[in-house]
There are 2 protein chains.
Amino acid sequence: MEKQHNLSKNQKIIFDLIDKSPEPLKAYSILFNVQKKGINAPLQVYRALDKLVEIGKIHKIESRNAFIACQNSSCQISKATAFSICESCEKVSEISNTKLSKYLSNFADESGMKYSKYNLEFFGLCKKCKSK
Amino acid sequence: MEKQHNLSKNQKIIFDLIDKSPEPLKAYSILFNVQKKGINAPLQVYRALDKLVEIGKIHKIESRNAFIACQNSSCQISKATAFSICESCEKVSEISNTKLSKYLSNFADESGMKYSKYNLEFFGLCKKCKSK
DNA sequence: TAACACTATGTAATAATATAACATTTACAA
DNA sequence: TTGTAAATGTTATATTATTACATAGTGTTA
Ligand SMILES: [Zn+2]
Ligand SMILES: [Zn+2]
Ligand SMILES: [Zn+2]
Ligand SMILES: [Zn+2]
């Protein structure tokens, strides 16, 4: 059973915006978009983002400093994320591939490190951009 | 045969600093450290970093906004990078694992996307920090 | 040599991303 | 109702990165 998180007011406003967006959103673009709803300061945005990331409702695309809603039913795998990023049009998608996530979640090397989390970003050209 | 890159003056200064460092360095920490060598402005640092990343002498740790020297003999695989990051002591190592890099380099899914590059960051506790 | 293209440098200003510090309020359980 | 954790509001500031413009070096070729 998945834990239920009742989003607070700011968290809900910001999640809804990200969830509706077809592309990853940056913090200050979010701020600009929610100012009409009474969220005035960067910190209010970053606090909501932090929480939403923590509970797996959104993910941060590290190479882009942008945030995207989880596509895997409120990510049971927020500690195991993989994305594809088109370097031409900047389209970003979350990859849900059982084999891949199993392979990486079980990955171990000789370092003696215990890995509890990973983030993977693939780059390339999407179908559309390839055919241009 | 690997292409030879003759580093320019600023590139060399900045590469040497990163290469000697036991930990990833941030751009402004680099700037601070090279001011005695006549590099005065952020842009001088960022330009050198961009070039060094491009030719694979260093890598950017995206989740930390920091830079580390390539550990794989001037990375033939600067387009296929993997790191382990200790969330306690922040130790970062480059992972060289042939199976892993083969697996990821050959990864394809149904999206029709052609992946030419990836970056993977594993998080966890290093040996030292685990035993505390 | 001269003309050209390309890479690198220097400098100032500014943009974009993120956090610190502090005061207050809300949710909710003991 | 008292305690506590989570969330909010606000101001200021820190950190990371780029724009714009001027100049200088490097190597190639006419
Ligand atoms: Zn997800
Ligand atoms: Zn595309
Ligand atoms: Zn490398
Ligand atoms: Zn450690």
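I started with chain A, where helix 1 (residues 9-20) and helix 2 (residues 27-34) pack at an angle of about 110°, their axes 11 Å apart. For the axes I used lines fitted to C-alpha atoms, for helices over the stretch in contact, with angles from 0 to 180 degrees between N-to-C directions. Helix 1 and helix 2 of chain A are therefore roughly perpendicular (65 to 115 degrees; under 35 is roughly parallel, over 145 roughly antiparallel, the rest oblique). Helix 1 of chain A passes helix 2 of chain A in a right-handed crossing (near helix turned clockwise from the far one by less than a right angle; anticlockwise is left-handed). I listed the contact residues: A:I13, A:I14, A:L17 and A:I18 from helix 1 of chain A, with A:I30, A:N33 and A:V34 from helix 2 of chain A; contact means heavy atoms within 4.5 Å.

Ground rules. This is a predicted model, with pLDDT of at least 70 needed for local features and 80 or more for side-chain atom pairs, while totals for chains, interfaces and linings use all residues. Residues are numbered from 1 along each chain as written, chains are lettered from A and ligands numbered from 1 in written order, and side-chain values use heavy atoms, without hydrogens and water.

Chain A overall. I found five helices and five strands in chain A, as DSSP runs (helices H or I, at least four residues; strands E, at least two) numbered from the N terminus. The order is α-α-α-β-β-β-β-α-β-α.

The zinc. Which protein donors hold the zinc ion (ligand 2)? They are the SG atoms of A:C86, A:C89, A:C126 and A:C129, 2.3 to 2.4 Å from the ion; donors are N, O and S atoms within 2.8 Å of the metal (3.2 Å for Na, K and Ca), and water is not among the atoms, so sites may look incomplete. The four donor atoms subtend angles of 105 to 113°, which makes the arrangement tetrahedral (four donors, all angles between 85 and 135 degrees). I noted the spacing as C-x2-C-x36-C-x2-C. A:C86 is in strand 3 (residues 80-86) of chain A and A:C129 in helix 5 (residues 127-130) of chain A, so the pair ties together parts 43 residues apart in sequence.

Over to chain B. Helix 2 (residues 27-34) and helix 3 (residues 42-54) of chain B pack at about 115°, axes 9 Å apart. B:A27, B:Y28, B:I30 and B:L31 of helix 2 meet B:P42, B:V45, B:Y46 and B:L49 of helix 3 in chain B. I also checked B:L17, in helix 1 (residues 9-20) of chain B. Leaving out residues up to four places away in sequence, B:L17 touches B:L25, B:I30, B:N33 and B:V34.

Notes
Tetrahedral: all angles 85-135°; square planar, octahedral: opposite > 155°, others 65-115°.
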